[in-house]
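Colleague: Please take me through one ligand site, slowly, and tell me what sits around it.

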Amino acid sequence: MDPINGKTYHITTFGCQMNEHDSEVMAGLLSEAGCQPAASRDDADIVIINTCSVRENADKRFFGTLGQLKKQKALRPGFIACVCGCMLQQEHVITAVRQKYPWVDVIFGTHNIDELPDMLRQLEENREDAPLGNEDLIPDAEESYTLAKHSIRSARNTRVIRTLEDREDIVEGLPAKRLFPHKAFVNIMFGCNNFCTYCIVPYTRGREKSRRPEDILAEVRDLVAEGVKEVTLLGQNVNSYRGEGEAGPWDFTDLVCALNDVEGLERIRFMTSHPKDLSDKLIDAFGRLDKLCPYIHLPVQSGSSRILRKMNRRYTSEHYRELVRKLRQMVPEITISTDIIVGFPGETEEDFQETLDLAREIEYDSAFTFLYSKRTGTPAAEDPDQIPEEDKHRRFDRLVEVMNAISAEKNAAYVGTRQRVLVDGASKKDPGVLTGRTPGFKLVDFPGDQKLIGTFVDVIITEGKTFSLTGVLAEEESASKGGVS
Ligand code: SAH
Ligand code: SF4
Ligand code: F3S
């Protein structure tokens, strides 16, 4: 009898779409092993916290959550606490969890997700075998634990730790229990080779590895057969995709072109696109491929070429402007979003002004703005020229004000337009209001019946707000006009 069969689970996910998709895969693996989703975290037999480490506040939230699990562990015998994700790819975090959070049962990293059911079984079997009170007979984990090892079992008889080591191979064919039936994330590559000097991701996700194009195509065809209409291709830098196809290497545009031919698939999105590798070939594809949505997330990080050099981004702000010019020439209605870091070490008021200038000039549809956050082990964390917190915050507020005004203005320009919307779900606040996305990835709210979820509808935009649009279904709009005239 499988010791985990019949248990309930709950996964809390922090971080980016990669993590969200990893959580979908974990849910798929657990379902295959006979586990069921729990109604809430408090009811679950197995709780998994999938962590992010990209900024310091992500770390803080994680340690706060661990404190809550302690209570659950005390209340419920047999409860299993698991932690995984990017934070658990860092030695100092693993050490902290091992030493200060003894109620955590399973610790695993980003390269060990496929081993989750096996780790849980190992834990349960161990728990049953180990006679109560016999902990001292088992070799002390402190001695047997070496971080270079891929798999370490034990630690006080009931702890499983598998983390850190990168793997050569990509494990294909893992199941996934997806959040939406009509749209899906598809990993096309893993890891990152870029080593931007502020960023922890290359250390937590390992080196870049691309999936084989045939595997990606097969996955997308299967998804479409299950009812998926939109895929988002995921990679830290999709533009450097290099897939080993049966007939030779494929680049990212080759992959998107092949996906465009998949019958039944209606929308293709991707993220993230690194400006240094955005090719004319891909820009051309935006003009040609009907399923490729007119939207690009193109993180600029800073408007100052001097800071970009210090960040090791390997493009200048002039090159970035040129890319945007070409994209808009190819697809005038394209929407553009970005990521910007404020207060990178050494950023002067002039550098920051250049970021404001660039933001005003590009007129982004939306932007994710971040306060620079020191990450242990990255070069920028060692830079003596750190910016005082209050300066960072002041610049941040100024930037957000500029960005929000631009977003509001851009969204206001949509009023009166007709937008094709893929309906994602009902609003949490009002079940009579549906939400979905336009081709340009704008969030739209409109009144409608929940049976429309997962379908495409036409919506006439009635209001543009800072972060979303509001509208009415086109048929209802014309019906009401018909009624009046
Ligand atoms: N691979 C993507 C980004 C992944 S991380 C890319 O290169 O575009 C998402 C965003 O987090 C980054 O674009 C950056 O703006 C932000 N970020 C990463 N490290 C950060 C740090 N140390 N401090 C503040 N923001 C950071
Ligand atoms: Fe981080 Fe840069 Fe890699 Fe993006 S490209 S994940 S910002 S190192
Ligand atoms: Fe966070 Fe890891 Fe993604 S650090 S942003 S979850 S790759």
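Modeller: Polar contact here means a pair of N or O atoms within 3.5 Å. Residues are numbered from 1 along each chain as its sequence is written, with chains lettered from A and ligands numbered from 1 in the order written. It's a predicted model, with local features needing pLDDT of at least 70, side-chain atom pairs pLDDT 80 or more, and totals for chains, interfaces and linings using all residues, while side-chain values use heavy atoms, with hydrogens and water left out.

Let's take ligand 1. Ser 373 has a backbone N or O atom 2.8 Å from one of the ligand's nitrogen atoms.

The shell holds 15 residues (a heavy atom within 4 Å), and Tyr 198, Gln 236, Gln 301, Asp 339 and Ser 373 come nearest. By class there are seven nonpolar, four polar and four charged; Asp, Glu, Lys and Arg count as charged, while Tyr and Cys are among the nonpolar ones. Strands β16 (335-342) and β17 (366-371) each give at least two residues to this shell; strands are DSSP E runs of at least two residues.

Now look at ligand 2: the residues around it include Tyr 198, Gln 236 and Arg 313, along with Cys 192, Cys 196 and Cys 199. That shell has seven nonpolar, three polar and one charged residues.

How values were computed
Polar contact = N/O pair within 3.5 Å; in protein donor to acceptor, adjacent residues only side chain to side chain. Helix = DSSP H or I, 4+ residues; strand = E, 2+ residues; numbered from the N terminus.
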